[in-house]
Every structure is written in structure tokens, then in C-alpha cells.
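Student: Please walk me through how to read pockets and helix packing in a model.

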Amino acid sequence: MSLIQNELQPFFPRFAAAIAEQSPSQREQGRCAVVDFTEQQHQQVGSFASSSDLNVFLTDTPPPAYHETNPLPRRRLFILEDLPCNHILALGSRLRIPPGFFAGHWDDPASSTFNHRDPFQRCALPHFRIRYGTSNRVEIDASNNPTNTMGTFAFDTNVCRYLHIYNPKGLLYDEPRSHHIMSFWTSAPRDDGSWDAVLLVDPPPQRHVRCLTTQTLVPLRNQLLDEASMPTRFLNPPLHTRHELPQDSSMWAAAHSRPAYVSMFEDTIEAYHAGYITVTSDPLSAVEYPRRLAMSTLLAYLRRRYINIVNVHKTQGPNALRHNYFSSFSNSTMSCWSKEFFDFMIGSCAAMKEFSHEMDENMIALGLDVAHPLAPAWEIDGWKSIRDITRVVQEMTDTFATNYLQYVTIQEAHASNGSAQSLSRITVLTMLFIPLSTVASIFSMGGDFLPGETKAWMFWAIVIPVLAMLACVYWYRMLARMWMCKKQQLLPSFEIRDLKQRLGHSR
């Protein structure tokens, strides 16, 4: 705690303050489990009811005597959900974890923070920290909070996470989204091959979220009132792909089991109970499944962004082919200027560019930006798929924004041309009446030139030639241009006729 409050405070001031301000209940708010991989054929999973149990386990429990004559190296993975102060102090002090590991995990992954990664060692394997977005099928209870059914709400947790709610009356209404972090630290392998590792995961939205304006707790509903308002789509890819089913048919269903994608902590623990993990001396192999879960969640999040961008263009319905999305652009909702749509497109473009940069940073943190000799093939291919779909969504967003601005510009040009033509007609009428006014003013000086008098005919004798001369001057260029165009059109027909006459004479 002294390191957090003194040495770490200049670099992570908000984290130091948040840890110091945790209430006694918040200091225990979180879940912690341990997976012991000492026996390679079978891992033991245990959980801790409180930080006291964790302290007892770390301090007083001797190494397990699985083989007294030939002890195996002790390999333990601690999984911590949320960041309760008591658990941070227990793990940090007993395993000698630098407090910056916890501080970098605390802050909002969508905020403008800088110290969550070391700029002087961007790839620090076997340690890593990855950021990912996810969608949550929850709903704000509007009956308890009718004035704040949209915007951003804070998780009721120790970590700084937010739930972004879409406006039900806006251009797009979808499941609330949030951004999460997965952090991994491991000790250096000891002489006997043993190691201790810690995996930090984020909690899901709890039963309440906190309104940022009023700081009051707002209930969440996991069951939507109107299921048709948000269609159910399962966008996660399969995690356990097999080229051939097992010989035992009773294992076929287990081969296609999938996580619930509600809590990273529970899905990870369930995977260890099912024995999906095969551990070697490398501690990174112990967290392969959580990394798969994060990638699967991220792919589903990006696929949802893709569908949302397409749904903004609502003219062709759900059966439209993807290469025909822009075929009826002028009949879509983007065919006229809308401040709301402009803000949406500009915000989407900026968000996707930042998101694309974050995905590149994740690949660098995992050592996948270069041909790393120890990087597994599934992880390289998975992050390449994530990067590709990120760029597809980014390019589609940029294309929508560019086409929208170009179409609106063309509409404004048409409107300007119409105004210019109307102004031109007014100008012509003005030019026609100016001579009339001038001549009338001149001849109004004498009494004999008034209408009905003997010299009234002189007004028309002078005005008509003047108008004819002005009309010739005004329409001369137009008539000359029309004559030249007509002459060019008639010239080929004359040439063909002359050629036919020549051929007739020659015969």
C-alpha cells in the first residue's frame, strides 16, 4: 500500500485514490480462484471466499506432496475478478507483483490514458494486457430512472468500466456496449520449473449501474421488455473446431460445448473444470483459453458493428446482398442532410480509427506483429481475422461518410443551380424593363409624347429597336453555340451523302 500511495501515485493518481477510498465491503468485492497445474494430467481448481482465505493459502499452505520422493514443480494460476484492495495487497505482497500491473488494469480502456502499457517495452511477454469490446444483452430499468435511459453509466464495481446505452429514438438502437481489459502477469520460472501467475479479468454488469449525473444506482434488467427491439444474434465463432468427431459418440455433444459469454471469470473456471487446458512449462499456455474467449468476444463485437453500419441503410431489407448496399443510396435515410446522421458518421469514423489502433497495440503486446517463433498459429490467425474485420468496418464507415457528404454536396449544387437559374430569369426580365423605363422617363418630359397624344407612337418606334438590339446582344453567344453544335451534328450526314454520291458516279 505504501508503494501504491507514494511511488505509484504520480503515474496513476486516480488508481491510488480509488484504492484508498474503497469501503470495507468494496475491499472484499470480487472473486478469486486458483488453478493448480502441478499434476499435468489433472488440474485442481479452488476458490476463495474472502481475502483471508487467500492469505492463508499463500502463506501457510506448504507445497502439495503429490510425489514425496520426486516432487513436481509447483505451477499455480490465480484468477482475480475486479480489483478489491485486500486481494490486491495479498497477491501483490506474497507474489512480489509490481503495483503498476494492477494500476494499468484499473482505468477505463476507452479513456485517453497513456500509462496502461510501457512505451519502452511494448511487447513484454510473457506478461501482456489486451483490451476488447463487448455487447451486453441488458436493459436500463426506465421505470426507476425515466430521465436517464440513454448515455453512459458506470459499473458498480471497483474497476473503472462503463456501459454505453443507445438512444431508443436514435438512428441506431442496439445492445449496450462496454470495453474491458484482460491482464496477465507471471513470475520468472524457478530452477525447478515452478511458477506463479495472475490473470485479471473484468466483471460483467451487475444488478445495478451508476448514473454519472446523479450518482444514483439504476437497476438493470437481463430480460428485455421488448425482445423484438433487439434481434438475438449469436455472432461468436466456435472455439472448439474439430476435423473429426471422437470415436465415442457420447463425447460428441461435449465437443461442441460453448461458453455462456456472460462472465469471463465463470467461463474461464468452467473451461479449467472441463479440462480444456494442457499446461507445459510455459505459463502462457495456462491462459490460452481466456485469450480465445477474449478474441471470440471481440470478433462478435466487430461483427455487430458491421451489422449496425449496414442497418443504417434500410432501403433493401434484410435479404440485400452485401455488394448491393449502395445500389439505392438516393432512396435511403442518407438522401438528405441530417445533423444527427452527420454526428453519427463522424463519431463512428473516429471511434473505428481509434479501435483499429488499439487492435494493432494488442497484437504488438502479444508479440504477433512480427514472426514470433513461439506464437501459436491459432492466435496469429485469430488476430489477423480481427484486424481484417476491423479494417472492413472502418473502410465501410469511411465509405458511408464520404458518400453521404458527396451526395449532400451534389444536392446543394443542384439547389444552387436552381437558384442561379431563377436569378438569371429575374435578371433578364430586369434587362427588358430597364429600356422601357428609360424611354418612358425621357418622353414623359413633354406633353405631346403622352399616351393619346399625337407623338405617342414615337415611344414604340424607339423602344422596339432597342429591345431587339439588346436581345441580339444577350442571345448572340447562345445562338452561335447552338448553331455550331447543330453544324457539327449535320456535318457527318453531309459527308456520308457526298460519299454515297461519289460511289454512285464511280459505278
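Student: Which helix gives the most to the lining of the largest pocket?

Tutor: Helix α9 does, with 13 residues. Helices (H or I, at least four residues) and strands (E, at least two) are DSSP runs, numbered from the N terminus. A pocket is an open set of points on a 1 Å grid over the protein atoms alone, where a 1.4 Å probe fits, with protein on both sides within 12 Å along at least five of seven lines; lining residues have an atom within 4 Å of a point. The model is predicted, with local features needing pLDDT of at least 70 and side-chain atom pairs 80 or more, while totals for chains, interfaces and linings use all residues. Residues are numbered from 1 along each chain as its sequence is written, and side-chain values use heavy atoms, without hydrogens or water.

Student: What else lines the largest pocket?

Tutor: At least two residues each come from strands β4 (128-135), β6 (151-155), β7 (162-165) and β8 (177-186), and from helices α8 (288-312), α9 (339-365) and α10 (377-443). The lining has 45 residues, with R177, H179, G347, A351 and M352 nearest the centre of the pocket. The space in this pocket is about 1,200 Å³, a volume being what probe spheres set on the points fill.

Student: How many nonpolar, polar and charged residues does that lining hold?

Tutor: It holds 18 nonpolar, 16 polar and 11 charged residues. Asp, Glu, Lys and Arg count as charged, Ala, Val, Leu, Ile, Met, Phe, Trp, Tyr, Cys and Pro as nonpolar, and the others, Gly among them, as polar.

Student: Which residues lie nearest the centre of the second largest pocket?

Tutor: They are S135, N136, R137, Y261 and V262, out of 35 lining residues. Strand β4 and helices α7 (264-274) and α8 each supply at least two residues of its lining, and α8 gives the most, with 5. By class the lining has 15 nonpolar, 10 polar and 10 charged residues.

Student: Now helix packing. How do α3 and α4 cross?

Tutor: Two packed helices are described by the angle and the distance between their axes. Here the axes of α3 (residues 51-59) and α4 (residues 85-95) come within 9 Å and cross at roughly 10°. The two helices are therefore roughly parallel, a term for angles under 35 degrees.

Student: Which residues of α3 and α4 meet?

Tutor: S51, L54, N55, L58 and T59 of α3 meet N86, H87, A90, L91, R94 and L95 of α4, contact being heavy atoms within 4.5 Å. That contact comprises 5 nonpolar, 5 polar and 1 charged residues.

Key
Axes are lines fitted to C-alpha atoms, for helices over the stretch in contact, and angles run from 0 to 180 degrees between N-to-C directions. Angles under 35 degrees count as roughly parallel, over 145 as roughly antiparallel, 65 to 115 as roughly perpendicular and the rest as oblique.
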